[in-house]
Amino acid sequence: MSEVKTIYLKDYKKPDFDCERVDLIFELFEKYSIVINTMKLKKLSDVSDIILDSIDLELMEIYLNDLKLNDTRYHYKNERLKILNVPKNFILKIKNKIYPHTNTELEGLYKSGSIFCTQNEPEGFRRITPYLDRPDVMSVFTTTVIANQEKYPILLSNGNKKQCHDFMDGRHGTTWQDPHPKPSYLFALVAGDLGIINDKFTTASGKCIELNIYCDAGNESKCLHAMKSLKESMLWDEQKYDCEYDLEIYNIVAVDSFNMGAMENKGLNIFNSHYVLADEECATDSDFMGIQSVIAHEYFHNWTGNRITCRDWFQLTLKEGLTVFRDQCFSGDLNSKEVQRINDVKALRERQFVEDASPTSHPIQPKSYISMNNFYTATVYEKGAEIIRMIHTLIGEQNYKKATDLYFESFDGQAVTINDFLWAMSEASGVDLTQFERWYHQNGTPKLLVGEDFKDGVYTLRLTQVVPNTLSQKSQNVYLYPLKMALFDNEGKELMRETLKISNEYEEFSWKMKTKPVVSINRDFSAPIIVESEQNNYAFLMKHDTNSFVRYESAQSFAIQTLQNIMNGYEIDEEFISSYGHILDSEIDLSFKALLLELPSESILMQKQNVVDFEVIYSAKEKLTKQLATIYKDKLFGIYNNYHLPKDNEINNLSMGRRAIKNRVLKLLSALKSKDVIDLVKNQYNISLSMTDRIIALDILENISEKDAKVALDDFYTKYKNNTLVMNKYFLILSASHRIGTLDRVIELQDDEAYDEKVPNLVRSLIGGFARNYKYFHAKDGSGYEFIADKIIEIDKINAQMASGLAGAFKIYEKMNSINKNVMSIQLQRISSTPSLSKNCYEIMNKIL
């Protein structure tokens with residue numbers, strides 16, 4: 001096992017050295033690369049030696065103030081390079097060799113196909129050259145990249161292009177300079193033979209910014225939506241936050257091999273190609289929306305992450321939670337606020353709520369870590385965004401703008417902490433956030449118990465906070481949060497609305513009313529909590545609530561209650577069936593309607609079980625879905641025919657709404673498995689121009705008609721086998737299938753010529769897709785667990801970050817039924833006892849067990 005060392009927030013110590021300037025020269029060759037790193041350093045304490053982070057580097061030469069050092073002046077072991085007896089001010093020059101073409105971890109400098117590229121967050125730069133690789137050491141970088149001109153005509157790095165160089169041996173170079181001090185995790189380099197699209201953006205102050213998006217040659221037309229999204233992001237950030245872009249050039253590069261979604265490197269964003277490349281032929285509606293969101297997210301980091309960065313990695317949510325909140329608001333402003341909010345909450349509940357209830361639960365500011373890669377989580381990102389949203393609600397829009405202005409003015413160019421951000425929020429608004437800080441330091445999802453009384457014309461709302469214990473069963477303190485609520489009369493008329501501030505374990509709020517009202521609570525999901533109420537007003541709120549989120553929440557809660565009753569052996573609730581029919585008849589936004597008609601996911605239903613058993617979940621869902629499809633068959637066919645426009649592949653709210661509602665009812669109808677439905681699905685696959693329609697049709701056929709699925713899937717494979725992005729969808733459909741024999745087919749697909757285990761997107765689709773296939777991953781014979789355990793052990797040797805991501809599939813171990821728990825335990829123990837297990841996987845396994 002690699003060295004396991006726990007890093008603690010309490011042990012933070014200021015850096016002993018400041019690095020004023022870094023000059024880097026990269027000589028790129030096919031079998032190796034040479035890095036020359038010249039640093040201007042200054043002592044900040046009375047230490048005698050400098051210790052630089054360094055992993056898997058082949059040292060060639062070290063110079064201290066032009067004096068070449070022999071090996072008596074430095075020590076290199078345990079991922080540290082210690083140089084002895086350095087003066088107060090000095091120039092340190094290090095020449096080292098690295099091997100990007102063998103770097104399968106995809107951290108530091110590596111090859112994605114024929115492209116050199118980097119990924120340095122959080123600790124990848126130490127795989128490039130020895131350095132003070134921590135976010136609170138900020139320096140001005142100048143980078144020269146040299147490579148073969150024919151193979152690598154495009155040479156990119158951070159900042160502005162300063163100079164081009166031509167050499168006699170067919171090589172050339174480009175020098176880039178970033179005038180803004182930055183930590184090493186924001187360093188980037190790209191070299192390749194790339195296609196490009198160009199555009200310009202004029203800032204509010206009149207500066208003309210050159211915009212470039214690079215990709216594999218031939219994919220240029222698929223970058224147009226990303227470019228549109230970039231310009232929309234730049235304009236939005238100016239209008240909402242007064243944040244202008246600060247360099248002459250903004251570059252984006254799309255690569256296939258990338259561990260994350262994208263990286264906000266200053267002036268040179270490197271993206272997983274999934275979040276750049278799209279056209280109407282190859283991308284679904286959700287792909288287009290994802291690109292818009294992630295392009296915005298990385299651009300917004302220019303101020304919330306780059307100009308102001310984190311003091312240490314325990315402050316990660318400072319940049320990520322804030323920036324997720326910003327990109328969610330951006331997507332809501334450009335599309336539908338209501339639909340965006342519901343989708344954000346869905347994602348939070350399906351990923352973060354599960355995490356919060358698992359052995360890997362942690363606060364949005366963790367107190368310790370073994371591998372920082374394991375903390376790029378839904379808690380740090382999505383729950384972090386909910387915490388920012390609550391601050392926005394508590395202090396109000398106007399004060400929030402004053403507070404962010406103060407934050408930018410006070411901390412520009414610095415590496416700061418969560419406390420610095422909270423100071424700005426409190427200072428500008430005058431709101432005391434001391435109690436609110438608990439959201440940063442406590443873990444688990446709190447509950448709110450809701451009771452009510454109506455007596456003598458007074459309606460009283462009784463609220464009780466239930467805060468979960470820590471993983472070590474220590475009690476935690478009650479929170480401060482905003483709770484949006486409203487009251488309705490029995491006719492559905494809204495009587496009042498208010499935002500309550502909840503801060504005590506038990507509180508009562510009273511209003512004078514003529515008759516007992518119906519309460520609507522946690523509107524807009526104003527706090528990331530679980531609400532449990534004595535009263536069941538689901539049907540009423542589904543029909544009458546003026547808040548779109550509460551209508552959705554009521555529909556989901558009613559469906560959960562109905563499904564739980566089925567699991568417990570009761571008949572299907574006729575009132576739910578009737579309420580579902582009311583939604584079908586409603587004249588509302590089509591995308592919103594599609595969300596209201598969606599039954600709760602297996603992940604949501606699992607969270608309601610004290611002991612998880614997916615077999616009963618699937619059985620109940622199949623029974624309810626079939627009943628709804630049978631009762632409303634004619635109505636569902638009518639909705640489908642009304643909105644099925646096979647030639648419409650436009651990307652706008654109306655077209656996407658039509659596809660959302662018609663595909664929702666088509667999936668419902670598929671529960672019937674009848675010939676007329678199968679014919680409808682086959683026809684949709686054959687004649688629709690939209691990739692959304694074709695993927696939905698393929699998925700349905702795969703699950704209800706093996707014979708028809710084979711014809712359609714063979715056709716799809718023939719068309720797209722050379723398109724990796726589309727093949728991700730193909731592998732995901734097959735790995736998520738509920739048909740018998742899915743695991744055997746997944747095992748066979750690993751040998752398919754279109755599959756490559758070194759490409760993270762393909763692994764996420766085939767292997768990760770199967771790990772999220774609750775039906776077969778959690779098969780009671782343990783075959784799913786054994787397969788994923790095999791893959792974790794195998795992939796861990798290639799890419800530890802990908803392996804630990806897969807290991808997260810086991811995090812619900814403690815809640816599983818005894819049969820599943822026993823067979824899962826065997827595989828967890830097998831993974832844990834594997835020699836040379838990475839610290840990434842060790843940390844996840846250790847927590848689960």
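This is a predicted model: local features need pLDDT of at least 70, side-chain atom pairs count only at pLDDT 80 or more; totals for chains, interfaces and linings use all residues.
Residues are numbered from 1 along each chain as its sequence is written, and side-chain values use heavy atoms, leaving out hydrogens and water.

Let's start with the sheet. Four strands form an open sheet in the order β29-β26-β25-β31, with mixed pairing. Because β29 (506-512) and β31 (530-533) stand at the edges with a single partner strand each, one side of each is left without a neighbour in the sheet. On average, neighbouring strands here are turned by 25° against each other, direction ignored; the axes behind such angles are lines fitted to C-alpha atoms, for helices over the stretch in contact, with angles running from 0 to 180 degrees between N-to-C directions. Strands (E, at least two residues) and helices (H or I, at least four) are DSSP runs numbered from the N terminus, and two strands pair if DSSP finds at least two bridges between them.

Within this sheet, β25 (residues 447-455) and β26 (residues 458-466) pair in the antiparallel sense over nine bridges. Follow the pairing and you will find lysine 447 opposite valine 466 in β26, and valine 450 opposite leucine 463. The hairpin of these strands has two residues between them, and there aspartate 456 takes a positive phi near 55°. On to the next neighbour: β26 and β29 run antiparallel and are joined by seven bridges, with threonine 464 having tyrosine 506 in β29 as its bridge partner.

Next, look at aspartate 545, in the loop between α9 (538-544) and α10 (548-567). Aspartate 545 is buried, with a relative accessible area of 5%; buried means under 20%, exposed over 50% and partly exposed in between, using a 1.4 Å probe and protein chains only. Its side chain makes a polar contact of 2.6 Å with the side chain of serine 520, and the side chain of aspartate 545 also reaches the backbone nitrogen of asparagine 547 at 2.8 Å. A polar contact is a pair of N or O atoms within 3.5 Å; within protein, one must be able to donate a hydrogen and the other to accept it, and residues adjacent in sequence count only if both atoms are side-chain atoms.

Helix α22 (residues 760-771) has eleven of its twelve residues buried, so α22 is largely enclosed by the rest of the structure. The buried residues of α22 pack against several elements, including β21 (268-272), α20 (724-735) and α24 (783-796); contact means heavy atoms within 4.5 Å.

Finally, the aromatic rings: the structure holds 46 aromatic pairs. Rings of Phe, Tyr and Trp (its six-membered ring) pair if their centres lie within 6.5 Å, and planes under 30 degrees apart count as stacked, over 60 as edge-to-face and the rest as tilted. Tyrosine 407 and phenylalanine 408 form a tilted pair, 5.9 Å centre to centre with 45° between the planes. Phenylalanine 614 and tyrosine 774 are stacked, at 4.7 Å and 5°. This second pair links distant parts of the chain, with phenylalanine 614 in helix α14 (residues 614-631) and tyrosine 774 in helix α23, 160 residues apart. Both phenylalanine 614 and tyrosine 774 are buried.
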